[in-house]
Amino acid sequence: IRRWNKLYDVLFKGLSKIDGIVIPVRADKEFFVGSSIQFRIRCIKEKKIPHFVEACLSRGVELKWFGDAEPKAFTSRYDSWSYIKNLPVLSKTLSILGTTLDMRIPLTFNSKDCSIIIDVIRSEIKNLQTIA
């Protein structure tokens, strides 16, 4: 748990410095295991997020997008939960999920790996911002 949280902290600090990325600050009293990190990306349009995810993956950084209509890994949305009947459309929730990404943090990572991941994400955000 300590190792995961150390890696989480490196990613949290680095990603939080990127303009347009928002990560909720955890309460000091909260106990958590940083085995993954979720963040919102508000600096690129939602329709470009799949391209961003693909670009990061091509550079070895695997992200999952909560805005995808089809569940992938652990990033399913409430509207894909077939066991609940008559689901309402929660437009604000879908809007937030449309800009939310998830990344698993393997224990094989080290701080240098986390720095590389931060650089890749920063670079790919800049690349997408320059595309009209």
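A residue is taken as buried when its relative accessible area is under 20%. In this predicted model, Phe32 comes out at 17%, so it falls on the buried side. Tyr8 is buried too, with a relative accessible area of 5%.

These two residues also meet through their rings. The centres of the Tyr8 and Phe32 rings sit 5.1 Å apart with the planes at 65°, which makes the pair edge-to-face. Since Tyr8 belongs to helix α1 and Phe32 to the loop between β1 (21-22) and β2, the pair ties together parts that are 24 residues apart in sequence.

A search of the whole structure turns up two aromatic pairs. In the pair of Tyr8 and Phe12, the ring centres are 6.3 Å apart and the planes lie at 15°, so this one counts as stacked. Tyr8 and Phe12 are four residues apart in helix α1, and therefore about one helical turn separates them. Put together, Tyr8, Phe12 and Phe32 make one aromatic cluster.

Next, the nonpolar core. The largest one holds 30 residues, and the members touching the most others are Leu11, Leu15, Phe52, Leu63, Leu101 and Ile121. At least two core residues come from each of α1, β2 (36-41), α2 (49-58), β4 (100-104) and α4 (111-130), with α4 giving the most, seven residues. Leaving aside residues up to four places away in sequence, Leu101 has contacts that include Ile37, Phe39, Ile49, Phe52, Leu63 and Trp65.

Ile1 is found in the segment before α1 (2-16) and counts as exposed because its relative accessibility is 52%.

Note on methods. Residues numbered from 1 in each chain as written. Predicted model: local features only at pLDDT ≥ 70, side-chain atom pairs only at ≥ 80, totals over all residues. Heavy atoms only, no water. Buried < 20%, exposed > 50% of the residue type's maximum accessible area, 1.4 Å probe, protein only. Core = buried A, V, L, I, M, F, W, Y, C linked by side-chain atoms within 4.5 Å. Contact = heavy atoms within 4.5 Å. Phe/Tyr/Trp six-rings, centres within 6.5 Å; stacked < 30°, edge-to-face > 60°.
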